[in-house]
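Subject: Structure for you to look through

Hello,

Here is the structure I promised to hand over, and below it I have written out what was found. Please keep the model open beside the text as you read.

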Amino acid sequence: MNIVAVTSCPTGIAHTYMAAEALEQAAKAAGHIIHVETQGSAGLDAVSPEVIAAADAVIFAADVEVRERQRFDGKPIVTGTVKDGINHAADLVSRAVAAAEANPADASAAAGPALATKVEEGASFGTQLRGWLMTGVSYMIPFVAAGGLLIALAFMIGGADVASQVNGGTFDGKTYEAIADPTKILAEVGLAGVLFKLGALAFGMLVPVLAGFIAFAMADRPGLAPGFVAGLVASAIGAGFLGGLVGGLLAGAVAMWLSRIQVPSAVRGMMPVLVVPLIATAVVGFLMLQVVGPPIADLQTALTDWLNGLDGASSIVLGLLLGGMMAVDLGGPVNKVAYTFGVAGVASGSFGPMAAVMVAGMTPPLAMALATVLRPKLFNDAERKAGESAWLLGGSFITEGAIPFAAADPLRVIPAAIAGSAVAGGLAMALDVTSRAPHGGIWVVGLIGNPVAYVAAILLGTGVSCAAVILLKSRRSSPAGAGSAGSASSTQAPRPAAQF
Amino acid sequence: MSDVITAEFVDLDLPATDKLAVTRALAQRLADGGRVSDLDGFLADVAAREEQMPTGLEGGIGIPHARSAHVTEPTLAFGRCREGVDFGASDGPAHLIFLIAAPDGGGSEHLKILASLARRLVYASFREALDQAPDAASAADLIRKEIAS
């Protein structure tokens, strides 16, 4: 059995080390492997994350607060005084063994979060970055699945106008008031409206959760608050998941840097819960609002003006452009400009652009889902699970279903998604597909003009994106590909011991 | 770096009094040897540590200790008391008393020596050897060798 122990005492020159020695002897005598971290005055000899991850049980023989205690969260822990460690070391060891045996699931459950927070120390920056992104993605996927499927279900049973009924807006000539009090939705719109609202709320958490857990992966718990707030700001300013990605990395970097500042021991205890979150949240939030936000607003204005000025362009070019824009950021500012353009067309009686936007918004999740089936080895566990729900999300025109893939590997997934969406959008415009519904995917096929071509555009776009993403991901040299895929998936792996 | 313990810091026949008197007797040796600059200041630091939690350990050991500004070099004083002195251990009085003096903010090399001494103290064989030591010089030798090993 693998045991990790921490010993500490007020002065840190005697008991700490006696307890360490006694525990080491007791564990050896009982046939266990033990690593002891002495938090004494001769410096903290920290045990490595790998050792902690591999431990079946943890012993704290400490009279003062164990430093960086959160490293051991989730493991079976037995505690005693430092004197227990010296005088009753064998007893502590057998208690630890009993705790591990009573709760073996704990040991492996702990591995997930414990490791998900720690990308290998010595890994290259690229591998670390991928580990951070995958941590954020793995925590975001449940929100994508739950929220997306609730919204899809709402469209299935409520029809294409559910969104307009709940959020307000014009649909097929009818104008709806937004429902201000969510508790009234059931009475006014019905169950579909409630499902839609719940799904929308869960979706509102996507970007904050992504950003929050990217920062958490980088800086541990002190990164959570700045990361979540950065994500909330990204959502609020319409910066989408790319904004959340940047915000999360920024928050993690600032929190990591602040945590490394040497401070007097009196203040040290306050750093992770108070000082670091406070300062990092203020700094990163300010940057997101003032520095990252305004260019995004300018970009949206410029794109909208540009699209509106494209009157003379051929409809195929317009379809290609709208389609590509839908996939550029999968729900971010550029996507929103294209979608708004389509919806504005519906309101003014021009139904072509809406159809182009809709098919283009459906292909990215569908293509990723197809790719995980055709080439499962190119994806890790989390992505394959995301692929399962991406079928329904894509079919329901919930482009966000592709975000887990894009967040984990933006440089390969986004170009592939753009290619297929542009093809789908262009084809829809070329074949005069129209849509009177502003949302709904395959569930509103009854409101589609030229439905056969509509389906053809979706299939072709899906095929193009799927082929492109498989091609791009396969081009990674295979050993490196296997390595980084392996380390990324091990952030999800239940047993971190599998990590090298 | 001076030796962490020499014969002059060993007293194999401490009178059975109380832990304050025993600690003072050992500290006096450190002061006489120039390792402690202010005897009363150092004793106050030791007493403060002792108040947090008694330093008596099972097996007849007392390890009064402190990190103190009045310590010039990390040093160990060792005393033996046949009758025993109460250091607050649950199983009875201490027969072997180690007074550990560490300078405040001392270099970590020095502190590592004290750490390795502390680690040796948990071995019954080491304690028995000290129990049997015939004179101060051999007790000091024994301790220095154990730390070096």
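This is a predicted model: local features need pLDDT of at least 70, side-chain atom pairs count only at pLDDT 80 or more; totals for chains, interfaces and linings use all residues.

In helix H14(A), the residues A:Ile296, A:Leu299, A:Gln300, A:Leu303, A:Thr304 and A:Leu307 meet A:Pro333, A:Val334, A:Lys336, A:Val337 and A:Phe341 of H16(A), where two residues are in contact if their C-beta atoms, placed from the backbone, lie within 7 Å. The residues of this contact divide into eight nonpolar, two polar and one charged; here Ala, Val, Leu, Ile, Met, Phe, Trp, Tyr, Cys and Pro count as nonpolar, Asp, Glu, Lys and Arg as charged, and the others, Gly among them, as polar. Two packed helices are described by the angle between their axes and the distance between the axes. For H14 (residues 271-308) and H16 (residues 333-347) of chain A, the axes come within 9 Å and cross at roughly 35°, the axes being lines fitted to C-alpha atoms over the stretch in contact, with angles from 0 to 180 degrees between N-to-C directions. The crossing is right-handed, that is, the near helix is turned clockwise from the far one by less than a right angle. Helices (H or I, at least four residues) and strands (E, at least two) are DSSP runs, numbered from the N terminus.

Residues are numbered from 1 along each chain as its sequence is written, and chains are lettered from A and ligands numbered from 1 in the order in which they are written. Chain A averages a pLDDT of 84, and 89% of its residues score at least 70, but pLDDT stays under 50 over residues 105-119 and over residues 477-500 of chain A.

Is A:Cys9 buried or exposed? A:Cys9 is buried, because 31 other C-beta atoms lie within 10 Å, and the cut-offs are 20 or more for buried, 12 or fewer for exposed, and partly exposed in between, with C-beta atoms placed from the backbone. A:Cys9 is found in the loop between strand E1 (2-8) and helix H1 (15-29) of chain A, and among its contacts beyond four places in sequence are A:Asp63 and A:Val82.

A:Asp432 has a positive phi of about 60° although it is not a glycine, and A:Asp432 is partly exposed, with 13 other C-beta atoms within 10 Å.

Chain B has five helices and six strands, and buried residues make up 46% of its 149 residues. The contact between the chains takes 20 residues from chain B and 18 residues from chain A. On the side of chain B that touches chain A, the largest share, seven residues, comes from H3(B), and the residues of that side divide into 12 nonpolar, three polar and five charged.

Best wishes

Technical notes. pLDDT is the predictor's confidence in each residue, from 0 to 100.
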